[in-house]
Each structure stands twice: as C-alpha cells, then as structure tokens.
Amino acid sequence: MKIALFLLSGLLALSPFTAGDVSAQQPAKPELRVGFVPGPYIDEFKIGVEPELKKKGYKIRYVEFSTGLEANNAVFKSEIDANVMQHTIFLESYNERQSTDLVGIVHVPTPPMGLYSKKHPLGTPIKPGSSVAVPNDPVNLQRALWVLRDLGLIEIRDSKPVDVTELDVVKNPGGIKLVPLEAAQAPRALDDVDFAAIQGNFAIFSGLKLTNAFALEKMTTPYINVLAVKKANATAEWAQDIVAGYKSPAFKAAIQADRFYDGFTLPDYMK
C-alpha cells in the first residue's frame, strides 16, 4: 500500500512539468501561413527560420504569389499571416494607396538591384544610345535611375519615391533609352534590350548571379526587405517568434554557410 501511494504521489508531482512540456509544443496559433513571391526569400525562411519555429511547435504553410500586390492584399485580408517580398518604401507606398496598415517587423537578407546584360560582356563600357529596361513602378524606377546615375550615365532630380517618372531624368548626354516594364518581366527583356535593371529577387529567381552584374545598387536600410504583418499582429507571440527565428544564431549560420547568399545586403542584426 505504501509503495502504491508513493508511486501515485510521484506521478502527481511530475504532472505539472509534463503538462508544461506539452503546452510548450502547442502554441496558441499552431499553423503560420507565410506568403512569398518568386525569389530567394522562401528558401531563406525554409533553411533558417522554419527549423526554429518547429522547435516551438509551429507548422508552416507556404503560399506563393506572382505579384507583391496579391501578397499584401492577402495579409490585409488575413488570408495569410505574413509575407516576405518587399522593402519599407514599397510597403509604405502600398499602405498609402490602399489605406492599409501593414508593418515590417524584421529585416531579411536581400539581394540588391543590379544592371545586367546578355548582349555585352561584363566590364565593357555602356555605349551611347543603349536601351535599358527599368521597373515601371515609381519606387523601383527610382532605384534603377540611381544605378544609372551612379555610373555617370544620367542626372536626375530629387523626388518622392512614389512620384518618380522618367521625366525626372534631367540630363542624359548619352541618349540612354529607358524601357519601362513590369519588374518581374525584366529578366526576359534581356534578349531584347542592351541592359536591364533587375530587382535582386527576380534576378536570383531567373538564375542571374550578383557577381555578373555590371553594377549593383548601393542599398540602404529602407530598401532591405522586411517580413510584413498587419499592425495589430506586430506584437503577437507568433509574430515575435518569427522575428526570433530570423535573429537566431542558427539562421545566421545557415545564410553564412551558403555561398549562394554572397553579395546579399545583410540586416544589422547579422553584422
């Protein structure tokens, strides 16, 4: 009888710890739906963030979109919990135009925009009259114009990112021909134009290497991509667990160990 009572008391004493272990593996939001557009961000998440989230009991459902507008709309409508595909300037522009309140809660490793060519060998001068495909949305058009400006090909006036147009080019001594296109179409345009200013995610997705760019943008913090959520969710436990996953030593080690990410602009927490 004493032995039975002893065993029973031992089980009761252990039960709080056992319950604690179970609850630690069952987060309040067990499945996280995260959206991506073509590019390297989904792979970053899979190799470095998902393993950290799985340790906390989360399951991840990946949702892929063809455009950033679709991905942002899905977050705003709560069809997904977060997305990774845009920089802060683009996000603020989306919020302004759509009357939404998405926020970026952590920066992610981001490949810079670059100037590429299939018709001209790397290192050859950019000749007068060359055609250059550029993004047709104002925010990323400005980035492309900055690349051309830094090469000494054009001069541009200062403008708000959401207001930039081709008319902001005030000097073009070499007669560079700008060809506005949807950003995702820029890699395909390389067969038809001399050069293309291609956003890093689309360059990587199409098989281009950052080391083969004629020039890369001098990327600053507002243009490093973010994980975006609805403002009301920014401090939610699950959102902060995603942030912790990105900032974990395991994520940093995974990115640094893979030469694929050479040339990416890294967030401050990885430096």
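Good morning, colleagues. The model is predicted, so local features need pLDDT of at least 70 and side-chain atom pairs count only at pLDDT 80 or more, while totals for chains, interfaces and linings use all residues. Residues are numbered from 1 along each chain as its sequence is written, and side-chain values use heavy atoms, with hydrogens and water left out.

I begin with the helices. Helices (H or I, at least four residues) and strands (E, at least two) are DSSP runs, numbered from the N terminus. Two packed helices are described by the angle between their axes and the distance between the axes. Axes here are lines fitted to C-alpha atoms, for helices over the stretch in contact, and angles run from 0 to 180 degrees between N-to-C directions.

How do the axes of helix H2 and helix H9 cross? The axes of H2, residues 41-55, and H9, residues 249-257, cross at roughly 160 degrees and come within 9 Å. The two are therefore roughly antiparallel (angles under 35 degrees count as roughly parallel, over 145 as roughly antiparallel, 65 to 115 as roughly perpendicular and the rest as oblique). In this pair, Glu44, Ile47, Gly48, Val49 and Glu52 of H2 meet Ala250, Phe251, Ala254 and Ile255 of H9, where contact means heavy atoms within 4.5 Å.

I turn now to the loops. Is Phe65 buried or exposed? Phe65, in the loop between strand E2 (59-64) and helix H3 (68-76), is buried, with a relative accessible area of 16% (buried means under 20%, exposed over 50%, partly exposed in between, with a 1.4 Å probe and protein chains only). Leaving aside residues up to four places away in sequence, Phe65 touches several residues, including Phe36, Pro38 and Ile80.

Most residues other than glycine have a negative phi. Ser78, in the loop between H3 and strand E3 (82-87), has a positive phi, near 65 degrees. Ser78 is partly exposed, at 37% relative accessible area. Ser99, also not a glycine, has a positive phi of about 55 degrees. Ser99 sits in the loop between helix H4 (88-98) and strand E4 (102-107) and is exposed, at 65% relative accessibility.
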